Amino acid sequence: MTKELKPVTGRAWVFGNDVNTDQIIQGQYLTLLDYAEMAKHTFEIPRPVFKSKVKKNDIVIAGRNFGGGSSREEAPKVLLQSGIGCVVAESFARIFYRNGFNVGLPLLIIPNVAKLVSDGETVIVDLIEGTLSVRSSGDVLHGKPLPSRMLNLLKEGGAVAWYKQSSGKH
Amino acid sequence: MGYTLAEKLLASHTNDGKATAGDIVEANVDLLMVHEVLGSRILGVLEEMEFKKVWDPERIVVVNDHWAPASDINSAEIHRRNRNFVKDQGITHFYDVDCGISHHVLPEKGLIVPGELVIGSDSHSTTYGAFNTFSTGLAATDSALILATGSCWFRVPDSIRIDVTGELQDMVMSKDLILKIISDLGPDGANYQSMEFHGDTIDTMKVGERMTISNMSVEAGAKCAPMTVNGHVNKWMETLAPSKRWKPTLPDKDAEYIDTRTYDIKSDPLGPMVATPDSPTNGKAVREVSGVPIDQAFIGSCTNGRIGDLEIAAKILKGKKIREGVRLIITPASKHTWMMALERGLLKIFMEAGGIVTNSTCGACVGGHLGVLGAGEVCISSTNRNFKGRMGHQDSRIYLASPATVAASALMGAITDPRSV
Ligand code: SF4
């Protein structure tokens, strides 16, 4: 059930440095048991328009240290639930990085990406190559290719699928 | 080449006994703590995994602490699910809504043992580093995998060595020291890394004060924050966990650190610090912000809700009244802490000063209940995070400080240097 990792094409939502998990989804919504309900509050503080404007395969672009703070897996989950196709940042906070791949949200590191992409622009992210191209200008930004462990997790469709596969529970 | 504390503590949990910074290793977990995230998220993941039995019911701790007792129907449902899981799986260590905050309750129950690998479904699980453990926070999916298998993969972190020498001055607390250290590092200054603490300041520090430091290291992005065992930890283990067998772990003399930072607070004394909104790494000397008016003062949380914290606050508040219009909320970290505060007469001092004493819970710290902030309100808090909206409305503002500074500020109705009251 390995998935093919096709390039993601979508509009960029550009954020700055240190967007923490409370900004992605606030603590007060964590007791909501339904992810669809919770996702209505994604980026409520930094970008109140996000929830009404986000479209499938849109891409979150951020500066340094995206996803710091709480360990809440709800953060990558509400991004997935909102339709976000991948997150490209200059760096990620440790727990968020693990969580993203665990739940099947691709995360790519590209230096200076938040300065080089404008909000609303259409970009194409190739996870295998580790690149982002800006559709209008044709500019291509190069990042680090994904570590093989992370690539495999994505191909399997997240950590649960990987677990079932490796423990022969298919 | 020698090994750091993080490397040695992890190496003792891998099958081949090896762990070098940068390696990805599979390690066997000694203890897993899960809280409300079990009922809200982990159970769903376990279901997808077609899970049947936990790997070891004696090595799992379940705590209902964030919204304790339930603040609404959803948290009540989460607590109910946790109780059922504990029963179904025969889990030995369960601390329900009457017990207090996980990161304080686990050590208090003697469950944190030097040398062990401890994981929690909570980012502040770095707290247990004060007990010479490798401990870190993971989220729902990783916790579910550990519940099922007892093991997990880790990237062995590089280490930053932090040496602190000298004595903390009167009314200056370990909170001030860690606010200073993380402000120097910045919010990602220790991302993916271990912050390893040494020096006579750390070696003579009481257990509670050390826990504050390991707890807040995660605010600089640290994966873990281990210390070596000192006399206070020894005594703690003898008293609270007499049946446990353990050996202290030391780093090698020639261990390799990617950075070494030295704080000499003897020749360069440290004063009280305040972290301004919206980052715990915005540390400033208290004099730079003194006079900022406050609506609420909060003393509690896994950072600073321990008996030593309540004692210093009571010392400042004794026989005095807080400023009219200010709310002072005190939330002891655990039931045991609460009882000690009762016996020592601290709760009476707080109530007579005009404060509110709540039960032990995360409560206000996570903007859950018992002290949620309204629009435009300002709070000075002994907690660990002042992110926008953390304790309530997105237009409220949080200043982080030591319990001494919070108590002094409650008296004056504005941010105040505790040495001045
Ligand atoms: S007291 Fe605050 S920081 Fe500590 S575990 Fe509870 S919510 Fe988290």
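**A chat about the ligand and its two chains**

Student: What sort of residues make up the shell around the ligand?
Tutor: The shell splits into 4 nonpolar, 5 polar and 2 charged residues. Here Ala, Val, Leu, Ile, Met, Phe, Trp, Tyr, Cys and Pro count as nonpolar, Asp, Glu, Lys and Arg as charged, and the others, Gly among them, as polar. Keep in mind that this is a predicted model, where local features need pLDDT of at least 70 and side-chain atom pairs pLDDT 80 or more, while totals for chains, interfaces and linings use all residues. Residues are numbered from 1 along each chain, chains are lettered from A, and side-chain values use heavy atoms, without hydrogens and water.

Student: Which residues are around the ligand?
Tutor: Among them are H66(B), H103(B), D122(B), H124(B), C302(B) and R390(B). Being near takes a heavy atom within 4 Å.

Student: And why does the ligand lie between two domains?
Tutor: Because domain 1 (5-244 + 256-262) and domain 2 (273-420) of chain B both give residues to its shell. Those bounds come from an automatic or database domain assignment.

Student: How far apart are the C-alpha centres of those domains?
Tutor: The centres of domain 1 and domain 2 of chain B lie 24 Å apart. Their contact (heavy atoms within 4.5 Å) takes 36 residues from domain 1 and 41 residues from domain 2.

Student: What area is buried between them?
Tutor: About 3000 Å², with 60% from carbon and sulfur atoms. Buried area is the accessible area (1.4 Å probe) that two parts lose on being put together, summed over both.

Student: How many salt bridges are there between the domains?
Tutor: There are 2 between domain 1 and domain 2 of chain B. A salt bridge needs a side-chain nitrogen of Lys or Arg within 4 Å of a carboxyl oxygen of Asp or Glu. D98(B) and K335(B) form a salt bridge, with their closest N and O atoms 3.4 Å apart.

Student: Changing topic, what do chain A and chain B bury between them?
Tutor: About 3700 Å², 51% of it on carbon and sulfur atoms. On the chain A side, L33(A), R94(A) and R98(A) supply 21% of the area buried against chain B, more than any other three residues.

Student: How many salt bridges between chain A and chain B?
Tutor: The count is 5. R64(A) and D188(B) join their side chains in a salt bridge, 2.7 Å from N to O.
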